[in-house]
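I opened this structure for a first look. These are my notes, in the order I made them.

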Amino acid sequence: MGITNSNKLVNLDQIDCDGSLRVTLALTAAPDIITNPTDIVLVLDRSGSMTGTPLASMKAGANTFIDIIEESTQGTNGQIGSGSHIGIVSFASTATANTQLITSVDTLKNAVDSLVAGGSTNHAAAFTQAMDLFDPQSSNAKVIVMFTDGNTTTGAPPTPVAEAAKAQGIIIYCIGLIGSDGLDVTALEAWATAPAASHVSITPDAADLEQLFAELAANISKPGATNIVIDEVLNPDFHITSISTPTKGSATMLDSNSLRWNIDSLGTTASESAQLEFFVQHVGQSGGTKHVNESITYSDTEGNQVVFPDPTVTVECEIVVQPEECPVPVDFTVEGCTDSVVVDLGEISLESQGCIIQMNVTIKNVCPGKRVALAAILTEVDEHGIEYQRGMKTLTIPAHNAGTCKDVLVQCIKFVVPEDQDVSTGTPEGMCSPRNFKARFIAHTMDTDYRCCESVLTL
C-alpha cells in the first residue's frame, strides 16, 4: 500500500494583504500486509545436516520473522493481526504440518522451537504440505517461505510442485544456507517467484540467517516508504516565516520561498503518520484567490506516487490610488568622514505662505471596470459658521480589475491654504493660528453599458 494518505491544509480561507497562514503537510504510510492480509507458511528444513548451530540459527530467524509480521500487522495480545496468518511446515525425509494457518505467536514459536534435526531432504513433500495449508476460498495473499540447507536427496522432483504452487498464485521465497553437502542455488531460483534477485537469499554462514529472515519479513510486509524527500516551493507572493519541528524527520528552509522535508522511514512496521507545520506570510501587492504553493514534489526509495492537494486562499488587498505625485527630490552625496557637511541644493520657490492639507478618502464598493469621478471640496469656517471656498478638485479614479466590487483608497489629495485667507478667528493671531475647515466629497461612477433601445451600435 505504501503511502495511504497525503494532505495539505491551510488554516484560513481568507487573509488580509499582509496576513499569515499556517500550512500543514501530512503523510500516512502503512505496510501492505495491513490492508492486504497475507497467509504465510514457513517451510523449515530439519534434515540431519541441520544439527547444531544451523538448526539454532534457523529457529532464531524463524521466530524473528514471526515477531516482525506480528508487529507489521498491528497484532495485539500475542496475536498476528489485520487478518493475516502464519503456518509452520517442517521437513526431512517427509513433511509435517506443525501448525495450521493460525495467529497465535506463542503457538507458532513453540512449534519452531520443538523442531529436531534428522533424516534426508524431501523438498517436494515440503511444498505439497505447505500448499495443503492454504484455503482456496480465502482472498488473502498466499506466501511460502522455503528454508533449506541442502539439495534434494529423496522424494519426487520438487520443481514441478513449486511450479504448480506458483500457478495457483502462491508467492515463493527461498532462503538457502550452503550446508556440508552443498546447495543447488539454481534449483532455489527455479522454485522461487521471479525475479530471483528479490525472492532468493543465500548465505554460507548460519549466523546470517536471523538477518535474512528479518529482511524477508520486512519485504513481505512491504514498508510504506523510506528515504522520503518532499520539496515545497511557495507561490512567489508568499514567504516562509517559520517552520515547526515535524513529528517525524527533519525540515529545512532552503530560502524564503522553499523548504525540504526529509523522513528516513514511515510506516515500515505499522501504519504511521507524519506531520509538518510551517507559517507563511503574503508579501504580494495584489489581492485575489491565490494558490499557496507553486509546486510540491515527492520521492522515496519505493517509488510511491504521491499527490498533495493544492489549497488556495483569498487575499484582501486595498486598491491604492495616488492622484498627485510627491515633489521630485534633489540627490546629493556625502563623501569622506567629517562632522559637518554643507550642501547647496539650489533654489526652491515658496508656493504660498500657509500650509498644505493632504486628505485621504475611501470610496466604498467600486465595481470592476468602472471609473469614478471624484470631487473634493474644501471650505473654511469663520466664527459665525459662515463657509468660505478654499478649493475644489475633480479627479478621475481609474477602473480596477478585481473579481468583485472593492473599496478604493484615494491618497494624498492636496490643497494649499495661504495664511492670508485665515478667517477662522475674529481677530487674526498671526502665523499658524488655529483654523477651522470642512471637507466634502462627491463620487459617481462614470462608465455604464446602458444604451437606449433605439440606439444603433456602430463598429
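In which loop is Pro-195 found? I found Pro-195 in the loop between helix 6 (185-191) and helix 7 (196-199). The peptide bond from Ala-194 to Pro-195 is cis, with omega near 0°.

Ground rules next. I am reading a predicted model, where local features need pLDDT of at least 70, side-chain atom pairs count only at pLDDT 80 or more, and totals for chains, interfaces and linings use all residues. Residues are numbered from 1 along each chain as its sequence is written, and side-chain values use heavy atoms, with hydrogens and water left out.

**Overall.** I noted eight helices and 23 strands in the protein. Helices (H or I, at least four residues) and strands (E, at least two) are DSSP runs, numbered from the N terminus. The C-alpha trace spans about 130 × 80 × 45 Å along its principal axes. I looked up the radius of gyration too: the protein has 41 Å, while a compact globule of 459 residues would have one near 23 Å. That radius is taken over C-alpha atoms, and the globule rule is 2.2 Å times the number of residues to the power 0.38.

**Helix 2 and helix 8.** I checked how helix 2 (residues 53-72) packs with helix 8 (residues 209-221): the angle is about 25° and the axes are 8 Å apart. Axes are lines fitted to C-alpha atoms, for helices over the stretch in contact, and angles run from 0 to 180 degrees between N-to-C directions. Helix 2 and helix 8 are therefore roughly parallel. Angles under 35 degrees count as roughly parallel, over 145 as roughly antiparallel, 65 to 115 as roughly perpendicular and the rest as oblique. The crossing of helix 2 with helix 8 is right-handed. A crossing is right-handed if the near helix is turned clockwise from the far one by less than a right angle, and left-handed if anticlockwise. Residues of helix 2 in this contact include Gly-61, Phe-65 and Ile-69, and those of helix 8 include Phe-213, Ala-217 and Ile-220. Contact means heavy atoms within 4.5 Å. The residues of this contact divide into 14 nonpolar, five polar and one charged. Ala, Val, Leu, Ile, Met, Phe, Trp, Tyr, Cys and Pro count as nonpolar, Asp, Glu, Lys and Arg as charged, and the others, Gly among them, as polar.

I stopped at Ser-82, in the loop between helix 2 and strand 5 (85-91). Its phi is near 60°, a positive value in a residue other than glycine.

**Helix 4 and helix 5.** Helix 4 (residues 123-133) and helix 5 (residues 158-167) pack at about 20°, with axes 8 Å apart. That makes helix 4 roughly parallel to helix 5. Helix 4 passes helix 5 in a left-handed crossing. Among the residues in contact I listed Phe-127 and Met-131 of helix 4, and Val-161 and Ala-165 of helix 5. The contact has eight nonpolar residues, two polar and no charged.

I traced an open sheet of four strands in the order 1-3-14-11, with antiparallel pairing. Two strands pair if DSSP finds at least two bridges between them. Strand 1 (2-10) and strand 11 (238-243) are its edges. Five bridges join strand 11 to strand 14 (residues 272-282). His-239 stands opposite Gln-281 in strand 14.

Another open sheet has three strands in the order 18-22-19, with mixed pairing. Strand 19 and strand 22 (residues 406-418) pair antiparallel over 10 bridges. Ile-363 has Val-408 of strand 22 as its bridge partner.
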